[in-house]
Amino acid sequence: MNAIFAVARRELLSYFVTPVAYVFLVIFLVLAGLLTFYAGDFYDRGLADLQPFFDVHPWLYLVLVPAVSMPMWAEERSSGTIELMLTLPITITQAMIAKFLAAWVFLGFALMLTFPIWITVNYLGDPDNGVIFASYLGSWLMSGCFLAIGACMSAATRSQIVAFILTAAVCFLLLLAGQPQVLDFFQDALPGRVIGALGQLSITRHAASIARGVLDLRDVTYFVASIVAWLAAGIVLIDLKRSR
Amino acid sequence: MIETEKLTRCYGPLTAVDSLTLRAEPGQVLGLLGPNGAGKSTAMRMIAGFLAPTSGTARVCGHDVRREPLAARKALGYLPEGAPGYVEMTVREFLTFIARVRSVGGDKGYRRFEEVISRLQLDEVLDQPIGQLSKGLRRRVGLAQAILHNPPVLMLDEPTDGLDPNQKHSVRMLIDAMARDRTILISTHLLEEVHALCNRVAIIANGRLLADATPAELEKRSRYHGAVSFSAAGSGVSREMLARIPQVASVEVDPLDGRVTVFPREGRPILEDVQNLLRTQNLEVSEIQLERGRLDEVFRHITTSHGQGASA
């Protein structure tokens, strides 16, 4: 437990030592604001809620989470510090959990910094703050899902660029799979059950629940299961590389 | 204690380490000596738990690296090749991180931290980022990291590679000071290091163990062991006379500086005879030396004859 905490702490601090964290935070906040107002019609809808804001989150995470996750293992591998890390008295699982937690806390911090928009909507009208809170939690959970995919991809390669591209590609596919246009396209080719399963596997449907602030057990299960599965895959990859 | 048992590692069709069986006891400094690419680092990585053995196993203080990896790693201090470190961290942050992961805390941990810092003379660079340190300092930080938890077993992969002579000396002094009650395994391709540090040598090439002996025993295998060499003015005359001494096998003269080396027949002492002869010949000898044997020659002989045998 101590070891997990020590590694997580090191990882989290390492984000802030270099300008990476600050650049990321600025871009995240600017994009979150811009997309909400321009793509989400925040004002013109005339509704005091944050649905347009949360609607753009999956697309924001698609670009930004891979940037947070790409160094996770790829950098350790390319700089050789992985040899140090994996010969400390810590299991690969512990190291993975520690790294994931550090990055997830960082994303949570970035998400928290969007609070002015919450204040704004309260100033403009009378939103359901419970719904907004649930959406925030859901969005954080969703970012964890993207992050776990990134952790797995970062474990697969020593190149951060490759890790970024792979992560973005997988996340994009998972987002795309649930879009109505894509599902319609396969309507004739695949049986209805498969189409339904495809929709369930996609992040899109669960992201929509988040934006509405109605997280049910299925959404939470989906995200938690995804996080566990992708992290486990990453752990297996690192272990495979030890013996290959 | 470090034991390896038929430790083997393959990369595809290539066998990097081939059935390596070694044993190092407390108080011993075992030098893993071999040409570049002999499998030294691969063997160490398996003992440290970074790589999984293809077959065979290793034990650190009795803990099997496959079955009890964490216990084995706790007993081990390891300096990986090139002394990697997190470049963005300061020396203090880095060592604190290692102390936390290894649960070296409290008053005792603090005293140990101070002790290691002063032993490795890192006081002045404590707050500098590791990325800005010179090669020698980085190596010292790597050593500090390896000994912070006072491990009974220490494994150092090329600890003095790339250091200047002064730095080499200080690192060797340090290893020497720690050797008394610990098991130390170092890898090197520098023969001088073996003389300076090790009380046992394991020579490996192509992943195979070719010799396991003390440096003195290895020197005895040298053609030069027991040979007498001297420099004398106008020594050309004496060459035939030297060859006439019954115990002498051959005489060689260095074409560059005219230094004469007299080789004995199979382990016979010849120093006295050579000296007597030189005295009766009234030769002006500026310097005379009894050779202990040359490790570089033994090393070359062992590692290359093996290579030829394998390719034949």
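Biologist: Which residues do ring pairs link into a cluster in chain A?

Modeller: Rings of Phe, Tyr and Trp (its six-membered ring) pair if their centres lie within 6.5 Å; planes under 30 degrees apart are stacked, over 60 edge-to-face, the rest tilted. Here the cluster joins Tyr15(A), Phe16(A), Tyr22(A), Phe24(A), Phe28(A), Tyr61(A), Phe106(A), Phe109(A) and Phe146(A). This is a predicted model, where local features need pLDDT of at least 70 and side-chain atom pairs 80 or more, while totals for chains, interfaces and linings use all residues. Residues are numbered from 1 along each chain as its sequence is written, chains are lettered from A in the order written, and side-chain values use heavy atoms, without hydrogens or water.

Biologist: How do the rings of Tyr15(A) and Phe106(A) pair?

Modeller: They are stacked, 5.0 Å centre to centre with 10 degrees between the planes. Tyr15(A) sits in helix α1 and Phe106(A) in helix α7 (residues 92-112), so the pair ties together parts 91 residues apart in sequence. Helices are DSSP runs (H or I, at least four residues), numbered from the N terminus.

Biologist: Are Tyr15(A) and Phe106(A) buried or exposed?

Modeller: Buried means under 20% relative accessible area with a 1.4 Å probe, protein chains only. Both Tyr15(A) and Phe106(A) are buried.

Biologist: And how many salt bridges cross the interface of chain A and chain B?

Modeller: Look for a side-chain nitrogen of Lys or Arg within 4 Å of a carboxyl oxygen of Asp or Glu. That rule finds two across this interface. In one of them, Arg10(A) meets Glu88(B), with the closest N and O atoms 3.1 Å apart.

Notes: Helices (H or I, at least four residues) and strands (E, at least two) are DSSP runs, numbered from the N terminus. Buried means under 20% relative accessible area, exposed over 50%, partly exposed in between (1.4 Å probe, protein chains only).
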